[in-house]
Amino acid sequence: MGVSDPKEGVMVDDTNPVEVLDERECWELLELAPMGRIALAAGGEIDIFPLNFAVHDGALWFRTAPGTKLVELTVNPDVALEIDGWDAGEAFSVVVKGIAERLEHGAEIDEAERLPLTPWVPTLKYRWVRIRPRRVSGRRFRRAPEPERF
């Protein structure tokens, strides 16, 4: 028997191994994710960076150092962040599309500094960025052998 989401009308079973996740499920996975990948586009070039982040108050927060990421966010604040995971039975992917804002005001930075987020790499990352989501979507995939093709 499959799992269904009445809102989406998507069934996960032997004939349809893909389930569309609702927004609540996506946020639950984001809160558990140790890291993700952020995609930025500036000057016609797309870059992808791994980063760790925190979920707080309906947004994603991360720390960074001055450099490419920060410059690209200044040029074009539209971003996508993706997390994924898998085990022997299933896999998932969650994508957040939104606007990245570099935090400049003392109160915002103070709020960010209280988040449980430390750099994974031993470098100074004293710039804070908040991603305000416009769209959050996700899918879960049942893993199994490929069906017979012929």
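## Helix α1

At the start of α1 in this predicted model, a side-chain oxygen of aspartate 22 comes to within 3.2 Å of the backbone nitrogen of arginine 24. Arginine 24 also takes part in a salt bridge with glutamate 28, where the closest N and O atoms are 2.8 Å apart. The two residues are four apart in helix α1, which means that about one helical turn separates them.

The buried residues of α1 are Glu25, Cys26, Trp27, Leu29 and Leu30. They pack against the strands β3 (18-21), β6 (54-56), β7, β8, β9 and β10.

## Helix α2

In α2, Lys69, Leu70, Glu72 and Leu73 are buried. Viewed down the helix axis, these residues fall within an arc of 165°, so they line one face of α2. Val71, Thr74 and Val75 lie on the other side of the helix and are exposed.

The cover over the buried residues of α2 includes β4, β5, β7, β8, β9 and β10.

## Nonpolar cores

The largest nonpolar core has 25 residues, of which Leu30, Ile38, Phe53, Leu81, Ile83 and Val94 touch the most other members. Two or more residues each come from α1 (23-32), β4 (36-42), β5 (45-51), β7 (59-64), α2 (68-75), β8 (78-86), β9 (90-102) and β10 (127-142). Apart from this core lies another, of eight residues, including Trp61, Leu103, Ala112 and Leu117.

The surroundings of isoleucine 38 can be listed in detail. Leaving aside residues up to four places away in sequence, isoleucine 38 touches Asp47, Ile48, Phe49, Leu51, Phe62, Lys69, Val79, Ala80, Leu81 and Ile131. Among these contacts, Leu81 is another of the core members that touch the most others, and Lys69 is one of the buried residues of α2.

The structure holds twelve salt bridges. One of them joins the side chains of arginine 37 and aspartate 84, with 2.7 Å from N to O. This pair links distant parts of the chain, with arginine 37 in strand β4 and aspartate 84 in strand β8, 47 residues apart. Arginine 37 counts as partly exposed at 28% relative accessibility, and aspartate 84 is partly exposed with a relative accessible area of 37%.

Another salt bridge is formed by the side chains of glutamate 101 and arginine 130, at 2.9 Å from N to O. Here too distant parts of the chain are linked: glutamate 101 is in strand β9 and arginine 130 in strand β10, 29 residues apart. Glutamate 101 is partly exposed, with a relative accessible area of 26%. Arginine 130 has a relative accessible area of 7% and therefore counts as buried, the limit being under 20%.

## A salt-bridge network

Salt bridges with shared partners join Glu19, Glu25, Glu90 and Arg140 into one network. Of these residues, Glu25 is one of the buried residues of α1.

Methods:
Residues are numbered from 1 along each chain as its sequence is written. This is a predicted model: local features need pLDDT of at least 70, side-chain atom pairs count only at pLDDT 80 or more; totals for chains, interfaces and linings use all residues. Side-chain values use heavy atoms; hydrogens and water are left out. A nonpolar core is a set of buried Ala, Val, Leu, Ile, Met, Phe, Trp, Tyr and Cys residues joined through side-chain atoms within 4.5 Å. Buried means under 20% relative accessible area, exposed over 50%, partly exposed in between (1.4 Å probe, protein chains only). Contact means heavy atoms within 4.5 Å. A polar contact is a pair of N or O atoms within 3.5 Å; within protein, one must be able to donate a hydrogen and the other to accept it, and residues adjacent in sequence count only if both atoms are side-chain atoms. The arc is that of the directions from the helix axis to the C-beta atoms. A salt bridge is a side-chain nitrogen of Lys or Arg within 4 Å of a carboxyl oxygen of Asp or Glu.
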